[in-house]
Amino acid sequence: MAIERRREGRPLPEENGSVPGAAAAPPGPPPGAGLGVGAEIQAVPPPPSSSSAACSPLLLDYDGSVLPFLGGLGGGYQRTLVLLTWVPALFIGFSKFSDSFLLDQPDFWCRQADGQQGDWNGSLVPPGHANRSGIFPTATALPGPGNASECDCHEWHYRIRAGLVQNVVSKWDLVCDSAWKVHIAKFSLLVGLIFGHLITGCIADWVGRRPVLLFSVIFILVFGLTVALSVNVTMFSTLRFFEGFCLAGIVLSLYALRIELCPPGHRFMITMVASFIEMAGQFLMPGLAALCRDWQVLQAVIICPFLLMLLYWVIFPESLRWLMATQQFEASKELIFQLTRKNRMNTESDIKGVVPELEKEIARRPKKVCIVKVVGTRNLWKNIVVLCVNSLTGYGIHHCFAKSMMGHEAKMTITHNFYADYYTMAGIALASCLAMCPVVGFLGRRGGLLLFMILTALASLLQLGLLNLIGKYSQLPDSGMSDSVKDKFSTAFSIVGMFSSHAVGSLSVFFCAEITPTVIRGGGLGLVLASAGFGRLTAPIMELHNQKGYFLHHVIFACCTLICIICILLLPESKNQNLPENIPDGEHYTRQPLLPHKKGEQPLLLTNSELKDYSGLHDSAAVSDGISENTTANGMKPM
């Protein structure tokens, strides 16, 4: 009788041989144990709990059922929330590009005790011919035998190009043997961003996007305003690290909220609007610096607008998509009623029955996942790693093109004008984002990323190989080539490389946000944004070493572009696709052919519905007996 009851209570195996709910059910006694009445009662397995049973697929289909029920972006409240994710992008743009003004290397010369202006050797020199600390960043880099004595000056005089009367360099005399502290200060913000993306991404998956956003706002106000009160460069660099850490939390949480609010057809354009607003902050930054005049005032003006984001505690809700994916159905129900009330919608329009299904599953325990679970997946970890390498390569090689265009040796700038150089960089980035819109709309995410990576690889290889060939021929007396021809080619390839590499980095971040499941989207975004930060970190590293190893640095990243071209072909296409909500959904994002199949052509790869686990292959032996021997595996008869 015990054996019969055990058979009746045992669930049927699935097609792949696994038993649903087996992991949650406690192990029972062996088949031959317990023949008495008491043993019979103990042998009956307990009914499966609500937490072990599979969740309703209707609730997990957010883009197909929940979002249409709420009206998509047609609801006025959803549009307001999207607008609230756009506004802080302007403040983020101010903070990201503040280093160009706070830590700009000014022209400087020594002011003698008698009031005359002289260079390091004591001879008179007009301010327009002053030495640049960007050319000689340390005392050991200065020419001449007496380098230590040449930097011996009691009072330095500065001419700052970035519209400020005083910045961090002139405040604490960070020139000559103290110039390396400027690069450490640049490190601090970038390293803070890297650690912030990694840590806040994991926290956002565990406690939610809204708490990470609000606490990051509070702490960036504390650390950012304290930066303006720094008494030395050590305090400045330390506080900038924590400012970057909090800024990373704001960037990541807003990016995730923006993606999770949108239906499939609007995700890319809404993300690009936020990028354009951030670039507006980059374009407005020189005017803001000219108005502030002092670096401490500029720092305070950059941070104070984040005070407005304290209101988000009241007006901005948690991500409903994240609540549904982590099975927090009680909080999801309250938020759904709040959204329908804000949008003045009638719950009777719930044709698919989302609310009744929510009532059935409301007692289910929350199920949260950490990014480390990706290690056990088959496809998802590969997709994230490929996009991280793309992001690292795109932002890393961008600096190589920028230094090649400006000249990495004695000629530091094209026009010797700070504003011309600054707006040239900003204009190339703006043109890159404008080009991304039609390219990604026509070719998709994977096709657009592949195109921009091919352009980056061609620009880098031509710059490294063709220019060296031109340089050799220009040395011949009858070649008719001059160094100006080489410089023009170098500038052209650098502009193309900066244009395409910026698109590669931006598109890699967006692509990763789409293919990473909602339950670990924060961690996935943190990884790809941290990789982008490592790419940006190469710029101050090269400046610290006075551009030594620049050519090898460019060669390594050029090789990475070739590897990335091959790896991009392994990625899935996420255009107009629903966002994956859990890890199994992310695993089903498999690679599709880059070009569509011709009519009547049999695809070589199985679709998602045809994919089976390898453990069920032995069950197909009985089925294959009914198939004719002269029929191949894809259903076609051999010729």
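**Entry 1**

I looked up Gln 327 and found a relative accessibility of 10%, so Gln 327 counts as buried, the cut-off being under 20%. I noted that the model is predicted. I placed Gln 327 in the loop between helix H16 (320-325) and helix H17 (329-342). I then checked its backbone: Gln 327 has a positive phi of about 60 degrees, although it is not a glycine. I wrote down the background for this: most residues other than glycine have a negative phi.

I found a positive phi of about 60 degrees at Asn 576 too, which is not a glycine either. I located Asn 576 in the loop between helix H23 (550-568) and helix H24 (583-587).

**Entry 2: the chain as a whole**

I stepped back to the overall figures. I read off 25 helices and four strands in the chain. The chain has 639 residues, and 48% of them count as buried. I also looked at contacts between residues at least 6 apart in sequence, and 80% of these join residues at least 24 apart.

**Entry 3: salt bridges**

How many salt bridges does the count come to? I got 10 salt bridges. I reminded myself that side chains of opposite charge can pair when their charged atoms come close.

I began with Asp 63 and Arg 321, whose side chains meet in a salt bridge at 2.8 Å, N to O. Asp 63 belongs to helix H4 (residues 62-69) and Arg 321 to helix H16, so this pair ties together parts that are 258 residues apart in sequence. Buried or exposed, I asked of Asp 63 and Arg 321? I found that Asp 63 is buried and Arg 321 is buried as well.

I went on to Glu 514, which forms a salt bridge with Arg 267, with 2.8 Å between the closest N and O atoms. I placed Glu 514 in helix H21 (residues 483-515) and Arg 267 in helix H13 (residues 267-292), so the pair ties together parts 247 residues apart in sequence. I marked both Glu 514 and Arg 267 as buried.

**Entry 4: nonpolar cores**

Which residues have the most contacts inside the largest nonpolar core? I listed Phe 101, Phe 236, Ile 250, Leu 298 and Leu 320, in a core of 85 residues. I saw that helix H12 (residues 233-261) gives the largest share of this core, 11 residues.

I took Phe 236 as an example and left aside its neighbours within four places in sequence. Among the residues in contact with Phe 236 I found Leu 102, Leu 103, Val 168, Trp 172 and Trp 295. I then noted a second, separate core of 49 residues, which includes Phe 268, Leu 380, Val 440 and Leu 579.

**Entry 5: helices H5 and H12**

I looked at how helix H5 (residues 76-86) meets H12. Their axes come within 10 Å and cross at roughly 155 degrees. Angles over 145 degrees count as roughly antiparallel, so H5 and H12 are roughly antiparallel to each other. I recorded the crossing of H5 and H12 as left-handed. On the H5 side I found Leu 81, Val 82, Thr 85 and Trp 86, which meet Leu 254, Arg 258 and Leu 261 in H12.

**Entry 6: two last residues**

I looked up Arg 364 in the loop between helix H18 (354-360) and helix H19 (380-406). Its relative accessible area is 7%, so Arg 364 is buried. Arg 364 and Phe 329 are 35 residues apart in sequence, and I read 7.4 Å between their C-alpha atoms.

I finished with Thr 491, which is in helix H21. At 29% relative accessibility, I put down Thr 491 as partly exposed. Thr 491 and Phe 401 are 90 residues apart in sequence and 8.7 Å apart in space, C-alpha to C-alpha.

Definitions and conventions:
Residues are numbered from 1 along each chain as its sequence is written. This is a predicted model: local features need pLDDT of at least 70, side-chain atom pairs count only at pLDDT 80 or more; totals for chains, interfaces and linings use all residues. Side-chain values use heavy atoms; hydrogens and water are left out. Helices (H or I, at least four residues) and strands (E, at least two) are DSSP runs, numbered from the N terminus. Buried means under 20% relative accessible area, exposed over 50%, partly exposed in between (1.4 Å probe, protein chains only). A salt bridge is a side-chain nitrogen of Lys or Arg within 4 Å of a carboxyl oxygen of Asp or Glu. A nonpolar core is a set of buried Ala, Val, Leu, Ile, Met, Phe, Trp, Tyr and Cys residues joined through side-chain atoms within 4.5 Å. Contact means heavy atoms within 4.5 Å. Axes are lines fitted to C-alpha atoms, for helices over the stretch in contact, and angles run from 0 to 180 degrees between N-to-C directions. Angles under 35 degrees count as roughly parallel, over 145 as roughly antiparallel, 65 to 115 as roughly perpendicular and the rest as oblique. A crossing is left-handed if the near helix is turned anticlockwise from the far one by less than a right angle, and right-handed if clockwise.
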